[in-house]
Amino acid sequence: MKICIYGAGSIGCYLGGRLVAAGYDIDFIVRPKIQQQLQTYGLTISDYNGFKQNIAANQLHLSIDPNVAARADIVFVCVKSTSTEQVALELKDILKKKTIIISFQNGLSNVGILKRILTDHTILEGMVPFNVAALGNGRFHQGTNGALYVKSHEQLVELVRAFKKSKLEIQLEQDMQAVQWAKLLLNLNNSINALSQLPLKQELSIREYRQCLALAQLETLNLLKIAKIKPAKLTPIPAQFIPKILKLPNPIFKIVSMKMLAIDPLARSSMADDLMAGRKTEIDWINGEVVNLASQLNLTAPINQKLIELVKQAESEPKAWSGSKLKVQLMQF
């Protein structure tokens, strides 16, 4: 089984690094900046449980050329959602007919884009539940827990074996729409975390930020109920109960949500990383998915729409929002 990772940023480098550390031959298609970083420092992967592995640069197969994917049996697409169409067009005339493509990306729209362009290939939804922080100098750190999910397919037996050998839990799931919406409900915190400019654990310890997240989740859960979509149970607490817990006073929340706060103090959302680096965020593929669902139902999602507007403002004019001021913005609807 030959695996190629297209878009070796935080998620791609981490997943690929775990597989390389377990002895698998992985091709990484990377941006020139990441290529230079990994060639200089090698790749270091670590997690919040104390796992750490250093992989020398000469053990990594790095390229900026998409044609490397021609020899792949499985391609992980790990690029930002803004680049999905471009990647699909690049891969269209390169891949073998039997190559399986797994989208390990945020949002719910990427697989549809890939299927529209790569009509001769098997495209599967994937979901990465945990946060990976890029710490610089080729270091990528898993700061939260959770099992990977991939759409069930008969040709994934060897891939499941590879992930298990890499000590990464993976589950095959038939109803990936339910899984993706459950993940997106959690990812609604990305925009709030980015606007706070705080590490995830610190942000979630502040009640006003949690109340903002609860408002965004409740709006989404109401829309999902109307659309008759039931989110999967990814956490010990079912999705519909999480907003109630988020609203609890700090001392009670700390006791009730110990597993929810099993977060490395270094962890930030990918959206926060994008804002800090001056990159365009994936807000349209996270909160934007809620707004799109509302539109399909001839309804509106003003809270999530407001978060989109605030993040897009922050893309050009970075600003740290206090929990109380952000809450005022969202409580007006």
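Me: Which residue is the bridge partner of Ile-5 in β2?
Reply: Phe-28 is the β2 bridge partner of Ile-5. This is a predicted model, where local features need pLDDT of at least 70, side-chain atom pairs count only at pLDDT 80 or more, and totals for chains, interfaces and linings use all residues. Residues are numbered from 1 along each chain as its sequence is written, and side-chain values use heavy atoms, with hydrogens and water left out.

Me: And in β6, what's the bridge partner of Ile-5?
Reply: In β6 that's Phe-76. β1 (residues 3–6) runs parallel to β6 (residues 74–77), with 4 bridges joining them. β1 also pairs with β2 (residues 26–29), in the parallel sense over 4 bridges. Pairing here needs at least two DSSP bridges between the strands; strands are DSSP E runs of at least two residues, helices H or I runs of at least four, numbered from the N terminus.

Me: Which way do the β1 side chains point?
Reply: Ile-3 and Ile-5 go one way, Cys-4 and Tyr-6 the other, and all are buried. Buried is under 20% relative accessible area, with a 1.4 Å probe and protein chains only. In a regular strand, side chains alternate between the two faces of the sheet.

Me: What's the strand order in the sheet?
Reply: β5-β2-β1-β6-β7-β8-β11-β12, an open sheet of 8 strands with mixed pairing. The edge strands, β5 (61–63) and β12 (170–173), each pair on one side only. Twist averages 25 degrees from one strand to the next.

Me: How do β8 and β11 pair, parallel or antiparallel?
Reply: Antiparallel, over 2 bridges between β8 (residues 122–127) and β11 (residues 148–151). Gly-126 has Val-150 as its bridge partner in β11.

Me: Switching to helices: what does β1 make with α1 and β2?
Reply: A right-handed β-α-β unit, with α1 at residues 10–21. Right-handed means that, with the strands pointing away from the viewer, the path from the first strand over the helix to the second runs clockwise.

Me: What about α13, why is it largely enclosed?
Reply: Because 7 of the 10 residues of α13 (residues 287–296) are buried. Among them are Val-290, Val-291 and Leu-293.

Me: What covers those buried residues?
Reply: The cover includes α6 (176–187), α7 (189–196), α9 (207–226) and α14 (302–316).

Me: And just after α13, which residue takes a positive phi?
Reply: Asn-298, at about 60 degrees.

Note on methods
Buried means under 20% relative accessible area, exposed over 50%, partly exposed in between (1.4 Å probe, protein chains only). Contact means heavy atoms within 4.5 Å. Axes are lines fitted to C-alpha atoms, for helices over the stretch in contact, and angles run from 0 to 180 degrees between N-to-C directions.
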